[in-house]
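Hello,

Here is the structure I said I would pass on. My notes on it follow below.

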Amino acid sequence: MKEYLKKDNGKNIFSINKSTLENIGIFAINKPLNWTSNDIVQYLKKYYKFKKVGHGGTLDPFATGVLIIAINENTKKLNEIINHDKKYYTKIKLGILTKSLDMESEIIKQKPFNKSLTQNDVINAIEQFKKEYWQTPPIFSAKKINGVRSYKLARANSKIKLNPVKVEIKEYELVNLDSENGIIELILNVSKGFYIRSFSNDLAMMLNTVGSVQELCRLKQSKWDLNSAFAYIKK
């Protein structure tokens, strides 16, 4: 990942005392790899002995970046924050489709990709999604089906059907294209409910192949960006 995408404010969240965090009320941390969003919430609650802790939108364990945390009474404000647009950096690998649409599960399909792909090809494909985009959430997601999280059903190999949701790409930037290796790097500013993992394969299909997310970092949500986020280095 690009170096500037990794930077937070340099202060470890655990170097901040409890009363200061309570006064701040809502803040962002730079979620590290391999932590679930709920793991972080529970650890902060236990470490600081807060009455309530919540987050402003799930980040997958393989993803990093801005995770908004609210404490005590401020958790009531999270519903509004969740509705705000989000900005992501992602690296998409063409030619490989996995069950979870990332690199965390088995490959279920492989398909050749165009090694002569141009930036215009990718931009023209993305533009198709800016018109109107009904996106089907990934089966490995926190969506509920009859009260059960979809990812739990997926792990049990249950049949799952999720309804498409209308989402929007507000802005995008093609950061890099490595046609030879089938790698597309993008920055996407998207609406609530947008799944980068679903988009990775939708975009790939527009380019006559399949695709899955190789890297994902949330750069911004509402007014909180990566540069204002606390580092999360567990005590």
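K46 counts as exposed, because its relative accessibility is 68% and the cut-off for exposed is over 50%. This is a predicted model, so please read the values as computed from it. K46 sits in helix α2, residues 37-48. On the surface, K46 belongs to a patch of positive charge together with K18, K49, K51 and K234.

- D60 and R197 pair through their side chains, with 3.0 Å from N to O. The two are 137 residues apart: D60 is in the loop between β2 (53-55) and β3 (64-71), and R197 is in helix α6. R197 is buried, with a relative accessible area of 4%.
- E73 and K76 meet at 2.8 Å, N to O. K76 is exposed, at 61% relative accessibility.
- D85 and K170 have their closest N and O atoms 2.8 Å apart. D85 is in the loop between α3 (78-82) and β4 (86-94) and K170 is in strand β11 (residues 169-178), so the bridge ties together parts 85 residues apart in sequence. D85 is partly exposed at 29% relative accessibility, and K170 is partly exposed, also at 29%.

Helix α6 (residues 196-206) is mostly covered, with eight of its 11 residues buried. Among them are I196, R197, F199 and L203. After α6 comes N208, which has a positive phi, near 65°.

A polar atom of the S212 side chain lies 3.2 Å from the backbone nitrogen of T98.

Regards

Key
Residues numbered from 1 in each chain as written. Predicted model: local features only at pLDDT ≥ 70, side-chain atom pairs only at ≥ 80, totals over all residues. Heavy atoms only, no water. Patch = residues over 30% accessible without salt bridge, like charges linked within 9 Å, V, L, I, M, F, W, Y side chains within 5 Å. Areas by Shrake-Rupley, 256 points an atom, 1.4 Å probe, with all protein chains shown as cover. Salt bridge = Lys/Arg side-chain N within 4 Å of Asp/Glu carboxyl O. Lys, Arg positive; Asp, Glu negative; His and termini not counted. Charge placed at Lys NZ, Arg CZ, Asp CG, Glu CD. Helix = DSSP H or I, 4+ residues; strand = E, 2+ residues; numbered from the N terminus. Buried < 20%, exposed > 50% of the residue type's maximum accessible area, 1.4 Å probe, protein only. Polar contact = N/O pair within 3.5 Å; in protein donor to acceptor, adjacent residues only side chain to side chain.
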